[in-house]
Amino acid sequence: MLTINIAHRGFSGQYPENTMLAFQKALEAKCDGIETDVQLTKDNIPVLIHDETLNRTSNGFGFIKDYNYSELIKLDFGNGEKLPTLEEFIAFSKGNNLFMNIELKNSIIPYSNLENITLELLYKYNYPKDKVIISSFNHYSMVKLKNIDSNIKTGLLYDSWIYKPGDYCKLCNADAMHPQFCSVLDKKFVDDIKQKGFEINTYTVNYPEYMSKLIDLGVDGIITNYPDVLRDLLSNNL
Ligand code: G3P
Ligand code: CA
């Protein structure tokens, strides 16, 4: 089984995270897919930024939810890069035949309707169902999404010890577990999840020695800031 190479926030190890530049560079590094984070502006435009606030990654300040998109697009997110919308990302990924891992950032701010807004864009672009997975640390949101459209794949993000992760994945009607790799992933947990018929995509793996171990454990996807390093490893593994 092949492990897929998912660039975390684009090629964020070398370029400003969650920007079109980082997505383009991830593509050039021959990733299979890209992971990105979605938050909602005041006027309900889904935009790609990890934090709820602008402070760390732009020259702006304050919460995304307090600004209209027209104000946010004026900001610099590094190297003169602008804040991308989810729609721009979907169009880019579709044009380049990329797998997408869209993370809904609705654990801290429970953006109402983020699930429907995201689904509508996937429908608009007729995105192939096998080329996208939506994930969140908010598992209620993932159950809600599955109830709206059972054909869309969902992944449960977590970074602590879930009891019987395979059973939990089934309980939430999800398709995959997305564990933090170093704290909650070992052979027993991988086997439990895989034997129950679910996928595992793990984050955020940046060192080759860990990448190799996880490939050997049989994870389905590795989410990394360095898709170039993972690509080299996977090519040598063939
Ligand atoms: O989706 C994997 C990973 O990105 C989840 O954590 O905090 O980097 O969004 P975080
Ligand atoms: Ca993320």
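The model is predicted, so to speak of local features pLDDT must be at least 70, side-chain atom pairs count only at pLDDT 80 or more, and totals for chains, interfaces and linings use all residues. Residues are numbered from 1 along each chain as its sequence is written, chains are lettered from A and ligands numbered from 1 in the order in which they are written, and side-chain values use heavy atoms, with hydrogens and water left out.

We turn to the ligand. Around ligand 1 stand His8, Arg9, Glu35, Asp37, His50, Glu103, Lys105, Phe137, Leu157 and Tyr203, where a residue is near a molecule if one of its heavy atoms lies within 4 Å of it. This shell divides into 3 nonpolar, 2 polar and 5 charged residues; Ala, Val, Leu, Ile, Met, Phe, Trp, Tyr, Cys and Pro count as nonpolar, Asp, Glu, Lys and Arg as charged, and the others, Gly among them, as polar. Oxygen atoms of ligand 1 take part in polar contacts (pairs of N or O atoms within 3.5 Å). A polar side-chain atom of lysine 105 is 2.7 Å from a ligand oxygen, an N or O atom in the side chain of glutamate 103 is 2.9 Å from one, and for a polar side-chain atom of aspartate 37 the distance is 3.4 Å. Taken alone, ligand 1 exposes 290 Å², of which the protein buries 89% (Shrake-Rupley method, 1.4 Å probe).

Salt bridges come next. The whole structure holds 17 of them, each being a side-chain nitrogen of Lys or Arg within 4 Å of a carboxyl oxygen of Asp or Glu. Arg9, Glu17, Asp37, Asp51, Arg56, Glu103 and Lys105 are linked in a network of such bridges. Arginine 9 and glutamate 17 meet at 3.1 Å, N to O. Arginine 9 counts as buried at 15% relative accessibility, and glutamate 17 is buried at 17% (buried means under 20% relative accessible area, exposed over 50%, partly exposed in between; 1.4 Å probe, protein chains only).

Another salt bridge joins glutamate 199 to lysine 153, with the closest N and O atoms 3.0 Å apart. Glutamate 199 lies in strand 8 (residues 199-202) and lysine 153 in strand 6 (residues 153-158), so the pair ties together parts 46 residues apart in sequence. Strands (E, at least two residues) and helices (H or I, at least four) are DSSP runs, numbered from the N terminus. Glutamate 199 is partly exposed, at 27%.

Lysine 196 and aspartate 167 also form a salt bridge, at 3.4 Å between the closest N and O atoms. This pair links distant parts of the chain, 29 residues apart: lysine 196 is in the loop between helix 7 (187-195) and strand 8, and aspartate 167 is in helix 6 (residues 165-171). Lysine 196 is partly exposed at 38%, as is aspartate 167 at 34%.

Definitions and conventions: A polar contact is a pair of N or O atoms within 3.5 Å; within protein, one must be able to donate a hydrogen and the other to accept it, and residues adjacent in sequence count only if both atoms are side-chain atoms.
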